[in-house]
Amino acid sequence: MPPTGKRPGSKTEDSSAEFDRYFSQQWGVARWRTVAKALQKETAHVALLNQFASDSMALDGMKPSLFVGNIKCFRLPKSAAASAGAQPELDVKTALRTHYWMDLASVYPVVLLDAQPGMTVLDAAAAPGGKSLVLAHQMFTPSRRTAPSAASLQGPCGQQQQQQEQEQQQGIGEHHVSEPEGGLQGQGTVEGCMAGKVCSGQDVECQGPGAPAATAAAGAAGLAGEGLTNSGRVPSTARSGGLLMVNEPDATRRTRLQRVLTEYLPHALVAGSAGAAAGKRSNVGAVRVIGHEAEKYWSRHESERYDRVLLDAPCSNDRHIVQQSCARRGLIPARDWSLLQCRQLAALQLQLLLAGLRALAVGGRLVYSTCSLAAMENDGVVSKALERYPNVCVVMPKHPNYYPASLADQHVSLQETFSPEATKHGVLLMPDLCGHGPIYVSVLEKRESQPQETGCNPANAGPGQEQTDED
């Protein structure tokens, strides 16, 4: 069993030996050396093309990196790599930013979430906003105008259950979904994490989705007559019932998140922006920023409201830790990383995941991701959640066809681009193999309602109280 860590003597105590020992034990000495070397390199950012800007907009000098549905990412040639991260220009036609810089690995969990037009979707830990922009492209870009059929929304678990139910009606077989076998490994994203810091923002009063159909219809009515001067194109799918709830509890990070959304999305699409507020319609936007403490709010409210839930959980950002240690000649202060801190984060992550599963509708899909390398923050969290939610099944890696049906023709391309490594309950994208990440991703689907949600009361369990193996 891996060491669970001790309380550091001070925040400045050097944790580098503990850090190296832990991951050497988890990965093996040889692999960990390779991984650590890859982590020292700067993140290779790609530019997410903002398709809400102009149809004719092109990224001059950039090369295609990943095209998946409406998600188009470009990379700079090596000769110009230093320019990555520069402030994107404004599109002259729409006054929206032309592209968004992000780690390519951060696109992967959103691809697997498979959000569709017309769905009600929750991004539970959204700041700084890159994944929310990808979700908006999946749900609202003009080329996605047709709502999916019921059959196309069923993942592997749903398809398997439907087949087994048919067999039961015919007296064939027995309904049973077993857990996959396998060991725990290390994992990880870079975009969307908090460098190991737990967000402690205050809840704010926000209008939730309520009855999704009703609020979406109200939003559609408001958007239909909205003016679009310097605010981009409002896609027809925004008027067909889709709703994207973007959550961030910390006030400072939420302000930045709101700014990102208003700089990249049509103003009439984002609730609270100037375009959406025109004509006293301040809450009609199909993209809504809210500020709940997710582990508390969704443990009590909006049960089974969302077709899709994305949880990019707060985690120990180990790539950042490694890069900072290089600047400090190998020093890793305990305030930045310790095994005790990882255990506390894992306890918070579990409560977030339990709340997210409660908010997930029957037949819906939740994607859990982190940028941590620690097994206890990844497969360890999912294992504990599955104990509480036997009505949830793991889509990957148990099902070889875990890619959504809408991406079936791009399976090989995705595998070659990301080189995912299978773990017990998910996959890893590692920088020593694909040059991006690290990121851990687990895809879960809810087969039926939970009769009694035991242990899902995070209001009485703070970080560090959930896991009690050792003080």
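**Strand 13 and its neighbours**

Tutor: Happy to! Strand 12 (residues 427–429) and strand 13 run antiparallel and are joined by three bridges. Strands here are DSSP runs of E with at least two residues, helices are runs of H or I with at least four residues, and both are numbered from the N terminus. Two strands pair if DSSP finds at least two bridges between them. This is a predicted model, where local features need pLDDT of at least 70 and side-chain atom pairs count only at pLDDT 80 or more, while totals for chains, interfaces and linings use all residues. Residues are numbered from 1 along each chain as its sequence is written, and side-chain values use heavy atoms, with hydrogens and water left out.

Student: Which residue of strand 13 does Leu428 stand opposite?

Tutor: Leu428 stands opposite Tyr440.

Student: What about strand 10, how many bridges join it to strand 13?

Tutor: Three bridges, and strand 10 (residues 392–394) runs antiparallel to strand 13. There, Val392 faces Lys446 of strand 13.

Student: And how many bridges are there between strand 9 and strand 13?

Tutor: Strand 9 (residues 360–370) pairs with strand 13 over six bridges, in the antiparallel sense. Ser369 has Val441 in strand 13 as its bridge partner.

Student: So is strand 13 buried or exposed?

Tutor: Eight of the eight residues of strand 13 (residues 439–446) are buried, so the strand is largely enclosed by the rest of the structure. Buried means under 20% relative accessible area, exposed over 50%, and partly exposed in between, using a 1.4 Å probe and protein chains only.

Student: Which way do those residues point?

Tutor: Ile439, Val441, Val443 and Glu445 point one way, while Tyr440, Ser442, Leu444 and Lys446 point the other way, and all are buried.

Student: New topic! Where does UniProt place the "active site"?

Tutor: The unreviewed UniProt entry places that feature at Cys371. UniProt positions are given in the numbering used here, feature names are shortened, and annotations may be inferred rather than shown by experiment.

Student: Where is Cys371 found, then?

Tutor: Cys371 is in the loop between strand 9 and helix 13 (379–388). Cys371 counts as buried because its relative accessibility is 1%.

Student: Zooming out, how many helices and strands does the chain have?

Tutor: The chain has 15 helices and 13 strands. Of its 471 residues, 57% are buried.
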